[in-house]
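Please read them beside the model.

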Amino acid sequence: MSTEQNEGDLLIKPSSTEHPLYESLVEACKTVYDPEIPVNIYDLGLIYTITVEDEGKVNVIMTLTAPGCPVAGEMPGWVSDAMSAVPGVQSVEVEMTFDPQWGMDMMSDEARLELGFM
């Protein structure tokens with residue numbers, strides 16, 4: 001099976017935005033902060049995908065601002081802990097990726113404003 005990207009392929013897998021737990025999971029992500037940046041990881045654009053299966057199994061694909069981030073080993077656990085506290089969630093699996101690489105254009109307008117980029 002080829003993992004090669006083809007033109008027109010999505011770089012980031014779509015989230016389960018229609019699932020009833022989705023908004024609560026986003027709010028849970030917003031409680032997690034990169035210790036070096038005063039903005040939550042969701043508004044920073046570090047959460048690429050949140051998918052929810054019917055039985056409450058949550059899968060997250062996320063990245064870091066840089067591969068050498070000092071909390072790289074801890075951040076997935078923080079995300080898992082925050083999301084596991086959401087009622088209805090049975091399990092959380094967090095996958096780290098650097099494809100596509102994070103860029104400042106992935107930040108929300110709120111994050112850009114907070115960091116003085118707007």
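**Notes on the fold and packing**

1. Strand 2, helix 3 and strand 3 form a right-handed β-α-β unit. Right-handed here means that, with the strands pointing away from the viewer, the path from the first strand over the helix to the second runs clockwise. Helices (H or I, at least four residues) and strands (E, at least two) are DSSP runs, numbered from the N terminus.

2. The model is predicted: local features need pLDDT of at least 70, side-chain atom pairs count only at pLDDT 80 or more, and totals for chains, interfaces and linings use all residues. Residues are numbered from 1 along each chain as its sequence is written, and side-chain values use heavy atoms, with hydrogens and water left out.

3. Strand 2 pairs with strand 3 (residues 91-96) in the parallel sense, over 6 bridges; pairing requires at least two DSSP bridges between the strands. Ile61 stands opposite Glu95 in strand 3.

4. Thr49 is in strand 1. Thr49 is buried, at 2% relative accessible area (buried is under 20%, exposed over 50%, partly exposed in between; 1.4 Å probe, protein chains only). Beyond neighbours within four places in sequence, Thr49 contacts (heavy atoms within 4.5 Å) Ile12, Lys13, Pro14, Ser15, Asn59, Val60 and Ile61. A polar atom of the Thr49 side chain lies 2.6 Å from the backbone oxygen of Lys13.

5. In helix 1 (residues 22-29), Tyr22, Leu25, Val26, Ala28 and Cys29 are the buried residues. Seen down the helix axis, they fall within an arc of 160 degrees, so they line one face of helix 1; the arc is taken over directions from the axis to the C-beta atoms. These buried residues pack against helix 2 (41-44), strand 1 (47-52), strand 2 (57-62) and helix 3 (75-84).

Methods. Polar contact = N/O pair within 3.5 Å; in protein donor to acceptor, adjacent residues only side chain to side chain.
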